[in-house]
Amino acid sequence: MAEISIVDQMEKILEDYTKEVKRAANNSIDVVAKQVVGKLKNKTWKKKVGRDYSAGWRLKRERRLNGINDVIVYNATNPQLTHLLENGHDVVNAKGKVGRAPAYPHIGPAEEWASNELPLEIKKELE
C-alpha cells in the first residue's frame, strides 16, 4: 500500500485552494467589470441622434499565464472622447482658444468603486 506523506497532502490542499481562489477571483472580476460597464452606461452622455457614447462601453477579457484573467473596460464607439470628457479640454476656433469645456468625471469614480468592490466580491465568492 502506498503511503501519502503529510507534505503531499499539504501540497494537494494548497493546490486545491489556489484553484478555488483563482476561480473566485475570475468570477468576481467578471461580476465587478459588468457592474462597472452598467454604471458607465447609466452615467455617461446619451445622444439622441448618431453614435451614442454611453452605449459604447464594453469589456474585454484577456487570459494571463497565472490563471487570473484581466478584464479591460473601454469605449468601443467613441474612445477619443473618454479623456476629453473625463478631464475637460480647451475649446479652440480659428481665432485661438475661446474657453475650456468642463470635465465630467465618470471613469475615475467607476474605477475607484471597482477597486473598493472587488476585494469584497472575492471575499463573498470564497465564503
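**Figure 1. Contacts and overall dimensions of the predicted model.** Among contacts (heavy atoms within 4.5 Å) in the protein between residues at least 6 apart in sequence, 49% join residues at least 24 apart. This is a predicted model, in which local features need pLDDT of at least 70 and side-chain atom pairs count only at pLDDT 80 or more, while totals for chains, interfaces and linings use all residues. Residues are numbered from 1 along each chain as its sequence is written, and side-chain values use heavy atoms, with hydrogens and water left out. The radius of gyration of the protein is 22 Å, whereas a compact globule of 127 residues would have one near 14 Å; the radius is taken over C-alpha atoms, and the globule rule is 2.2 Å times the number of residues to the power 0.38. Along the principal axes, the C-alpha atoms fill a box of roughly 90 × 25 × 20 Å.

**Figure 2. Order of the elements.** The protein has three helices and four strands, which run α-β-β-α-β-β-α from the N terminus on. Helices (H or I, at least four residues) and strands (E, at least two) are DSSP runs, numbered from the N terminus.

Figure 3. Helix α1 covers residues 6–43, 38 residues in total, and reaches 54 Å from its first C-alpha to its last, close to the 56 Å expected at 1.5 Å a residue; the expected span is 1.5 Å times one less than the number of residues. Buried means under 20% relative accessible area, exposed over 50%, and partly exposed in between, with a 1.4 Å probe and protein chains only. The buried residues of α1 include Ala24, Ile29, Val32, Val36 and Leu40. The buried residues of α1 pack against β1 (57–62), β2 (70–75) and α3 (107–126). Lys12, also in helix α1, counts as partly exposed at 46% relative accessibility. The C-alpha atoms of Lys12 and Ala76 are separated by 43 Å.

**Figure 4. Packing of α1 with α3.** The two helices pack at an angle of about 145 degrees, with their axes 8 Å apart. The residues of this contact divide into 16 nonpolar, three polar and six charged. Ala, Val, Leu, Ile, Met, Phe, Trp, Tyr, Cys and Pro count as nonpolar, Asp, Glu, Lys and Arg as charged, and the others, Gly among them, as polar. Axes are lines fitted to C-alpha atoms, for helices over the stretch in contact, and angles run from 0 to 180 degrees between N-to-C directions.

**Figure 5. Surroundings of Leu85.** Leu85 lies in helix α2 (residues 79–87) and is buried, with a relative accessible area of 18%. Leaving aside neighbours within four places in sequence, Leu85 is in contact with Tyr53, Ala103, Tyr104, Pro105 and His106.
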